[in-house]
Amino acid sequence: MRDGEQTRLVAWSRELRSVHGRLREALRVTREALADGGSAGPATRDLLLFCHGFCAALTAHHEGEDRELFPAIAARHPELRDTLRRLRQDHSMIGHLLAGLSAAVARDVPPEELGRHLEGVAAIMESHFRYEERQLLTVLETLAWDADPVAVLGPL
């Protein structure tokens, strides 16, 4: 295997870890901002901006996995189809939680309620990321697939 081929293979594993890290950090910063309190109006406006950006980024990440990455893995590793099905179910659940968060922000609910929405998203997202990383990182390190990781996993 040539050096360029090995770099391309490892890029999938590295890119997934990197995207997950950036999404975790965005959620951490938002949770801290909400916990700091202050005037509800500015905090809610900031959260609304965050939610639009974060929710869109997380949704695009999951849609890219569902649309492109998971079918590529299933074609090469049929033994992972049940794992991929579970990950898709997680994506659906996270999408539902993100819609609830977005609606709560739009309704200008109290910070405590926003905090509960964020905690729900954080818990499921972290569980999903850890499971996905445990199940797929080794596979991604050997995935010979000629696609752009940024286009598939999101532009984070």
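**Reading helix 3**

User: Which residues of helix 3 are buried?

Analyst: In helix 3, the buried residues are Thr83, Leu84, Leu87, Asp90, His91, Ile94, Leu98, Leu101, Ala104 and Val105. Buried means under 20% relative accessible area with a 1.4 Å probe, counting protein chains only. A helix here is a DSSP run of H or I, at least four residues, numbered from the N terminus. An α-helix has 3.6 residues a turn, so residues three or four places apart point the same way.

This is a predicted model: local features need pLDDT of at least 70, side-chain atom pairs count only at pLDDT 80 or more, and totals for chains, interfaces and linings use all residues. Residues are numbered from 1 along each chain as its sequence is written, and side-chain values use heavy atoms, without hydrogens or water.

User: Why does the 37 Å between the end C-alpha atoms of helix 3 agree with its 26 residues?

Analyst: Expected span is 1.5 Å times one less than the number of residues. Helix 3 covers residues 81–106, so the 26 residues should span 38 Å, and the 37 Å between its end C-alpha atoms agrees.

User: What follows helix 3?

Analyst: Aspartate 108 does, with a positive phi near 60 degrees.

User: How do helix 3 and helix 4 cross?

Analyst: Two packed helices are described by the angle between their axes and the distance between the axes. Here the axes of helix 3 and helix 4 (residues 111–141) come within 10 Å and cross at roughly 160 degrees. That makes helix 3 roughly antiparallel to helix 4 (an angle over 145 degrees). Angles run from 0 to 180 degrees between N-to-C directions, with axes fitted to C-alpha atoms over the stretch in contact.

User: What is the fold pattern along the sequence?

Analyst: The protein reads α-α-α-α-α, with five helices and zero strands.

Methods:
Helices (H or I, at least four residues) and strands (E, at least two) are DSSP runs, numbered from the N terminus. Buried means under 20% relative accessible area, exposed over 50%, partly exposed in between (1.4 Å probe, protein chains only). Angles under 35 degrees count as roughly parallel, over 145 as roughly antiparallel, 65 to 115 as roughly perpendicular and the rest as oblique.
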